[in-house]
Amino acid sequence: MSGVPWDQRLARLLVRSLAGTPVRPNHITTLSLVLAFGAGALYARGEAVAANWAAVLFVLARFLDHADGELARLTGKTSRFGHYYDFAVGALSSAALFIGIGFGLSGGVLGAWSSVAGIVAGSCAFVAMALGLGVEARQSPNAGGYYPAFGGFELEDGIYLVAPLTWLGALLPFFVLAGLGQVVFCLWMGLRFARARRTPAFPPSRNGDT
């Protein structure tokens, strides 16, 4: 368990009860996508109450993003398709968040620029996903995770702050900082991909089911 992020450890404990049920990892992955899309739609309404519920849905969706892989490994239902599906859902979820918040804030101080910023940040999520898959294909299976990690937390765990900051009425600062962070992360992945292209490709890992 050393080096495993805290939310992933919790997910591993919770999915044990699902090991003997018909629930498959891709079911959880799909549920996380539905929740993320729901969160994006609620954020896009630009209403405080809707945003509060959106935060709940998105945090749950992000947590389930770990649960699917843990269930796959626990039950031996890992596959290449599941791994790619998990990556795609993660990118779609991030895009739904940023685009939804962007449209929801378009009536505020940023005006229409918030919608543009949301689309840019959401697009960066897809580009970073593609670059991440390229990096993964060219690195050793023991080379480390997709995100930088320290003390049981990964860089992506900062996205959980969307909930308390939404409830505290600080959604705009979160949107600006997280959106910039998404762009910077995309650029960083671009640099990693450029370096990784100089090395031979490795078979992709398998974190989901068929």
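Residues are numbered from 1 along each chain as its sequence is written, and side-chain values use heavy atoms, with hydrogens and water left out. Because the model is predicted, local features need pLDDT of at least 70 and side-chain atom pairs count only at pLDDT 80 or more, while totals for chains, interfaces and linings use all residues.

The chain holds seven helices and two strands. Helices (H or I, at least four residues) and strands (E, at least two) are DSSP runs, numbered from the N terminus. Along the sequence the order is α-α-α-α-α-β-β-α-α. Of the 210 residues in the chain, 44% are buried; buried means under 20% relative accessible area, exposed over 50%, and partly exposed in between, with a 1.4 Å probe and protein chains only.

Two packed helices are described by the angle between their axes and the distance between the axes. Axes here are lines fitted to C-alpha atoms, for helices over the stretch in contact, and angles run from 0 to 180 degrees between N-to-C directions. Angles under 35 degrees count as roughly parallel, over 145 as roughly antiparallel, 65 to 115 as roughly perpendicular and the rest as oblique. A crossing is left-handed if the near helix is turned anticlockwise from the far one by less than a right angle, and right-handed if clockwise.

Helix α2 (residues 25-44) packs on α3 at an angle of about 165°, with the two axes 8 Å apart. That angle makes α2 roughly antiparallel to α3. The contact of α2 with α3 comprises 21 nonpolar, three polar and two charged residues. In this classification Ala, Val, Leu, Ile, Met, Phe, Trp, Tyr, Cys and Pro are nonpolar, Asp, Glu, Lys and Arg are charged, and the others, Gly among them, are polar. The crossing of α2 and α3 is left-handed.

Helix α7 (residues 171-196) takes part in two further pairs. The axes of α5 (residues 113-137) and α7 come within 8 Å and cross at roughly 25°, so α5 and α7 are roughly parallel to each other. Their contact has 16 nonpolar, seven polar and one charged residues, and α5 passes α7 in a left-handed crossing. For α4 and α7, the axes come within 11 Å and cross at roughly 140°; these two helices are therefore oblique to each other. The crossing of α4 and α7 is also left-handed.

Two serines can be located against these helices. Serine 79 sits in the loop between α3 (48-75) and α4 (80-104) and is buried, with a relative accessible area of 4%. Its side chain reaches the backbone nitrogen of glycine 82 at 3.0 Å. Serine 114 lies in helix α5 and is buried, with a relative accessible area of 0%. The C-alpha atoms of serine 114 and phenylalanine 103 are 6.6 Å apart, although the residues are 11 residues apart along the chain.

Side chains of opposite charge can pair when their charged atoms come close. A search of the whole structure finds one salt bridge, defined as a side-chain nitrogen of Lys or Arg within 4 Å of a carboxyl oxygen of Asp or Glu. Glutamate 47 and arginine 45 meet in a salt bridge at 3.2 Å, N to O. Glutamate 47 is partly exposed, at 38% relative accessible area, whereas arginine 45 is exposed, at 51%.

Notes
A polar contact is a pair of N or O atoms within 3.5 Å; within protein, one must be able to donate a hydrogen and the other to accept it, and residues adjacent in sequence count only if both atoms are side-chain atoms.
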